[in-house]
Amino acid sequence: MHKSAFIMGLVALLAAPALADPAHGLWKTAPDDNGNFGHVQIQTCSNGKICGGLVAAFDGNAQQIESPNIGRAIVWDMEPQGDGNYRNGRVYAPDRDRTYNSRMDLRASQLGVSGCVLGICRESLWTRVN
């Protein structure tokens with residue numbers, strides 16, 4: 001009995017990386033209105049939805065800078081729809097200090113992140129950091 005539980009647990013542990021969401025990982029945001037960009041770590045949140053927080057910030061010369069937004073949620077509540085599409089989430093834009101309704105679309109090594117308010121949308125392309 002204990003042996004089969006151990007084997008089942010081991011199989012689940014080994015299979016976990018294969019079950020990772022395709023958007024998981026580190027992403028470089030597009031430059032904001034100030035020319036700054038960040039690195040956002042995307043993962044599955046405790047509610048099973050996709051979220052991501054800012055882990056590093058950079059100026060227009062790609063020099064790492066301090067930011068009060070390090071550790072802040074940038075995307076959250078993204079619901080996977082399959083085929084690299086995510087809907088019904090939220091995105092925070094530090095350069096505008098605004099939160100928008102959002103969606104994401106995975107495009108190979110890029111992630112299209114769009115935010116909308118009152119029918120006006122803006123999209124940026126994030127690039128996967130290797």
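**View 1. Strands β5 and β6 run antiparallel, joined by 5 bridges.** This is a predicted model, where local features need pLDDT of at least 70 and side-chain atom pairs count only at pLDDT 80 or more, while totals for chains, interfaces and linings use all residues. Residues are numbered from 1 along each chain as its sequence is written, and side-chain values use heavy atoms, with hydrogens and water left out. A word on terms: strands (E, at least two residues) are DSSP runs, numbered from the N terminus, and two of them pair if DSSP finds at least two bridges between them. Look for V75, whose bridge partner in β6 is V91. The two strands make a hairpin with 2 residues between them, and D83 in the turn has a positive phi of about 55 degrees. On to another partner of β5 (residues 73-82): this strand also pairs with β3, in the antiparallel sense, over 3 bridges. There, G53 stands opposite A73.

View 2. Start with β7 (residues 98-107), which pairs with β8 in the antiparallel sense over 7 bridges. R107 sits opposite Q110 of β8.

**View 3. Strand β1 pairs with both β2 and β9.** With β2, strand β1 (residues 25-28) pairs in the antiparallel sense over 4 bridges. W27 has R128 in β9 as its bridge partner.

**View 4. F37 and F58 form a stacked pair of rings.** Rings of Phe, Tyr and Trp (its six-membered ring) pair if their centres lie within 6.5 Å; planes under 30 degrees apart count as stacked, over 60 as edge-to-face and the rest as tilted. By this rule the model holds 1 aromatic pair. The ring centres of F37 and F58 are 5.0 Å apart and their planes are at 15 degrees, so the pair is stacked. F37 belongs to strand β2 and F58 to strand β3, so the pair ties together parts that are 21 residues apart in sequence.

**View 5. The largest pocket has a volume of about 520 Å³.** On a 1 Å grid over the protein atoms alone, a pocket is an open set of points where a 1.4 Å probe fits, with protein on both sides within 12 Å along at least five of seven lines; lining residues have an atom within 4 Å of a point. The volume is the space filled by probe spheres set on the points, which are joined across faces, edges and corners. Its lining takes in 31 residues, and T29, D32, A93, P94 and D95 lie nearest the centre. Elements giving two or more residues to the lining are β2 (37-44), β3 (50-58), β6 (85-93), β8 (110-117) and β9 (120-128). Of these, β9 gives the most, with 4 residues.

**View 6. Residues 1-18 have pLDDT below 50.** The score is the predictor's confidence in each residue, from 0 to 100. Averaged over the protein chain it comes to 86, and 85% of the residues score at least 70. Beyond near neighbours in sequence, residues 1-18 have 0 contacts (heavy atoms within 4.5 Å) in the model. Where pLDDT is low, the predicted coordinates should not be read in detail.
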